[in-house]
Amino acid sequence: MATREALQPDSEAADARHLAERIADACLVILSGSGHASAADERDTTAQAILASLDDASRRRDTGRFLTTVLMTDVVDSTLTVARLGDRRWRELLGRHYADCRMHVDHGGGELVSTTGDGVVAIFDGPTRAIRAAAAIQASARAAGLAVRAGVHAGECERMPDGVAGLAVHIAARICALAGADEIMTTGTVRDLMVGSVLAFEPRGSHELRGVPGAWTVFAAADLT
């Protein structure tokens, strides 16, 4: 909502502020002016203020919680690889690996939100894209002499300045740790979402995930196409 200082007493402006504080995502804009501006100028000023407040509200919503599919990857035996190659060659190899990861995530319509030392965290709008991106990342890594494990889980996340956060990210990391070289592990949540899809899910038992309540059924995923 917007109020014009020259036309409203302080008490009315205070009432407007009080109301705006109680409306979700509301943004109070005080328009200054003498009251003698032309009607066209007033319309332009008001429109600009409204658009700016809508942009602010949109940015606040973007930092909220949202449902997504989280992909976590990890290079298997990275410490041994560093010892074998040396720091310089490892940095070069890891740089190329990250570039491949970004390419495959982008191609799958996902977003690479952060790196984890020798892996990545990416989010997608659906499990199929996440699993196919994981398979593509693993194929590129094999060609470069690396083995990659992957974990996929679907759940709510929260936008952070340096990526995403939430229990779903921790679950994806724990599931990833259960995978072997070139395996893509998922939770039962992902399997249930993909009933009738072209993906195959092989049961890998029930596991307790460190720091996560309850027991979780884990599956190895593969694309049958």
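Start with helices H3 and H4, which pass each other in a right-handed crossing. The model on screen is a predicted one.

**Stop 1: H3 and H4**

Select residues 78-85 for H3 and residues 87-107 for H4. The two helices pack with their axes 6 Å apart, at an angle of about 125°. H3 is therefore oblique to H4, since an angle has to be over 145 degrees to count as roughly antiparallel.

Next, show side chains at the contact. On the H3 side, pick Ser 78, Thr 81, Val 82 and Leu 85. Their partners in H4 are Asp 87, Arg 89, Trp 90 and Leu 93. Coloured by class, the residues of this contact are four nonpolar, two polar and two charged.

**Stop 2: H4 and H5**

The crossing of H4 with H5 is right-handed.

For the H4 face of this contact, select His 97, Asp 100, Cys 101, His 104 and Val 105. By class, the contact of H4 with H5 holds six nonpolar residues, three polar and one charged.

**Stop 3: Ala 181**

Move to the loop between helix H6 (167-178) and strand E8 (184-187), and select Ala 181. Is this residue buried, exposed or partly exposed? Ala 181 counts as partly exposed because its relative accessibility is 43%, which falls between the 20% and 50% limits.

Now display what surrounds it. Leaving out residues up to four places away in sequence, Ala 181 touches Val 76, Ala 147 and Val 148. Then draw a C-alpha to C-alpha distance from Ala 181 to Asp 74: the value is 9.3 Å, for two residues 107 apart in sequence.

**Stop 4: the whole chain**

Zoom out and switch to a cartoon view. The chain has seven helices and 10 strands. Colour by accessibility next: of the 225 residues, 39% are buried. With a surface drawn, the accessible area of the chain is about 12500 Å², and carbon and sulfur atoms account for 52% of that area.

Taking contacts between residues at least 6 apart in sequence, 67% join residues at least 24 apart.

Methods
Residues are numbered from 1 along each chain as its sequence is written. This is a predicted model: local features need pLDDT of at least 70, side-chain atom pairs count only at pLDDT 80 or more; totals for chains, interfaces and linings use all residues. Side-chain values use heavy atoms; hydrogens and water are left out. Axes are lines fitted to C-alpha atoms, for helices over the stretch in contact, and angles run from 0 to 180 degrees between N-to-C directions. Helices (H or I, at least four residues) and strands (E, at least two) are DSSP runs, numbered from the N terminus. Angles under 35 degrees count as roughly parallel, over 145 as roughly antiparallel, 65 to 115 as roughly perpendicular and the rest as oblique. A crossing is left-handed if the near helix is turned anticlockwise from the far one by less than a right angle, and right-handed if clockwise. Contact means heavy atoms within 4.5 Å. Ala, Val, Leu, Ile, Met, Phe, Trp, Tyr, Cys and Pro count as nonpolar, Asp, Glu, Lys and Arg as charged, and the others, Gly among them, as polar. Buried means under 20% relative accessible area, exposed over 50%, partly exposed in between (1.4 Å probe, protein chains only). Accessible areas come from the Shrake-Rupley method with a 1.4 Å probe; for residues, only the protein chains shown count as cover.
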